[in-house]
Amino acid sequence: MDGLLWAICLLCFITLGIMLLLKKLNQPYLIAYIIAGIVLGPYVLGVFKKPDEIEVIGELGILLLMFFLGMEINVPNNRSLLIKPIIAQSMKILLSFICALTIGYITDFSLNDIILITILFIFNSTAVVSEFLKKHNTLKTTFGIMILNMLIFQDLLLAPVLTLLKVQGQESFDFLNIIIPVLVCIAIFLLLKRIRNIQEIKFPGFFNTIEIDHDLQVFLGLIICLGFGLFAETVGLSGALGSFMAGVVVGKVKSFNWLEHSLMPFKIFFTTLFFVSIGLRLDLSYLLSNFKMVLLGTFFVLSSNSVMSALIFRLLKYNWKDSWYGGALLSQTGEFGILALSIAYKTGIIEYTLYKTGLGITCLSLLLSTIWISMLKGMISKKSFPISKK
């Protein structure tokens, strides 16, 4: 118990110190969480030696983060805001495959390696992007909703992508693993279509009676958020998507306004643990011995993802400033990339070297993407026209 208490106190102390430094530099706190994980990890102080254990707890933070996003966002009444993200993400998948194919041709990678690289390009970090959108007050703008819907569509793609990896790894294949997620995705689409014009959903009077009972509020809120996430994972989708849908529904229930105050501390703490776990995974010894390759790969991911996404937004008739801002936001490889790498390595699809390299690039892209976004946004802000806030 003493060791655990010491570890938690040290985690809070180091994280707080880095946060205060980043506050002066006007940088997002997500960087502090990842750096704290690196410092406390097995390759520096060695306080935490098993990243997987913390990651399991930290995944609760992603569920709560998506739940809050669902509560805050308004389901768009404009059909283009539902169709454009699908078109944009489909174009990104195609460009990502072409980019991965080019890399594979140059480096003589196998088809399995090319598919995995494509997956790493496809998935971005919902946590990083949503935090930037909220920080710069663009989450509820037309463009912000467009980007968020692209991220939701990425979450919908997680189930078939993981199924593809397992099939490649010659694990047992069940046709239901494809059919059930597809049916649930259709149900989600119909639900969004049904509630987009509803101003308020009314529930029985019981929920109105607990507004002054804080204990009931906390546990009822957690059951709603985590229960939807558990259901989504059970049917083959991501838990984050299930929590988001719970937030969308709850956001339409005025008697649940207290949820935001009841669950906010849980969201902050568990989200912190998730990004700490990313820092813990960064193998500094491997990074130092392969520094040039990992750093070059990270820069290539950030720049190519930015360019691809910016071109896609421009083709969808957004102005260049919005397009470059959106490209910067979608520059990193997300947390689902780490999951894909782990499955690919465990099932023997990729070798240890590619696994470690991919993990290093993914972690560094998450760490440096916040700086990358701030840098590009600063360059955009110096131009004569501001980013659209329609």
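**View 1**
What relative accessibility does asparagine 290 have, and is it buried or partly exposed? Its value is 22%, so asparagine 290 counts as partly exposed (buried is under 20% relative accessible area, exposed is over 50%, and partly exposed is in between, for a 1.4 Å probe and protein chains only). Please keep in mind that this is a predicted model, in which local features need pLDDT of at least 70 and side-chain atom pairs need 80 or more, while totals for chains, interfaces and linings use all residues. Residues are numbered from 1 along each chain as its sequence is written, and side-chain values use heavy atoms, with hydrogens and water left out. Asparagine 290 sits in the loop between helix 12 and helix 13 (helices are DSSP runs of H or I with at least four residues, numbered from the N terminus). Along the chain, asparagine 290 and glycine 360 are 70 residues apart, yet their C-alpha atoms are 9.7 Å apart in space.

**View 1. The salt bridge between aspartate 283 and lysine 356.**
Searching the whole structure turns up one salt bridge (a side-chain nitrogen of Lys or Arg within 4 Å of a carboxyl oxygen of Asp or Glu). It joins the side chains of aspartate 283 and lysine 356, with an N to O distance of 3.0 Å. Aspartate 283 belongs to the loop between helix 11 (259–281) and helix 12, and lysine 356 to helix 16, so the pair ties together parts that are 73 residues apart in sequence. Both aspartate 283 and lysine 356 are buried.

The search of the whole structure finds one cavity of 30 Å³ or more. On a 1 Å grid over the protein atoms alone, a cavity is a set of points where a 1.4 Å probe fits but cannot get out, and lining residues have an atom within 4 Å of a point. The largest cavity has a volume of about 40 Å³, counted as the space filled by probe spheres set on the points. Helix 12 (284–289) and helix 16 (352–381) are the elements that give two or more residues to its lining. The lining is made up of Leu282, Asp283, Tyr286, Leu287, Val294, Lys356 and Gly360.

Threonine 362 is found in helix 16 and has a relative accessible area of 1%, so it is buried. A polar atom of its side chain lies 2.8 Å from the backbone oxygen of glycine 358. Leucine 368 also has its place in helix 16, but it is partly exposed, at 28%. Its C-alpha atom is separated by 8.7 Å from that of leucine 302, which is 66 residues away along the chain.

**View 2. Helix 6 from end to end.**
Helix 6 (residues 126–135) is mostly covered, with seven of its ten residues buried. They are Thr126, Ala127, Val128, Val129, Ser130, Phe132 and Leu133. At the start of the helix, a side-chain oxygen of serine 125 comes to within 3.2 Å of the backbone nitrogen of valine 128. Just after the helix, asparagine 137 adopts a positive phi of about 55°.

**View 3. Two loop residues with positive phi.**
Most residues other than glycine have a negative phi, and here are two to look at. Aspartate 108, in the loop between helix 4 (80–107) and helix 5 (111–122), has a phi near 65°. Its relative accessibility is 68%, so aspartate 108 counts as exposed. Lysine 317, in the loop between helix 13 (291–315) and helix 14 (320–329), has a phi near 75°. Lysine 317 is exposed too, with a relative accessible area of 75%.

Key: 1 Å grid on protein atoms, 1.4 Å probe; cavity = no way out; pocket = protein on both sides within 12 Å on 5 of 7 lines; lining within 4 Å. Polar contact = N/O pair within 3.5 Å; in protein donor to acceptor, adjacent residues only side chain to side chain.
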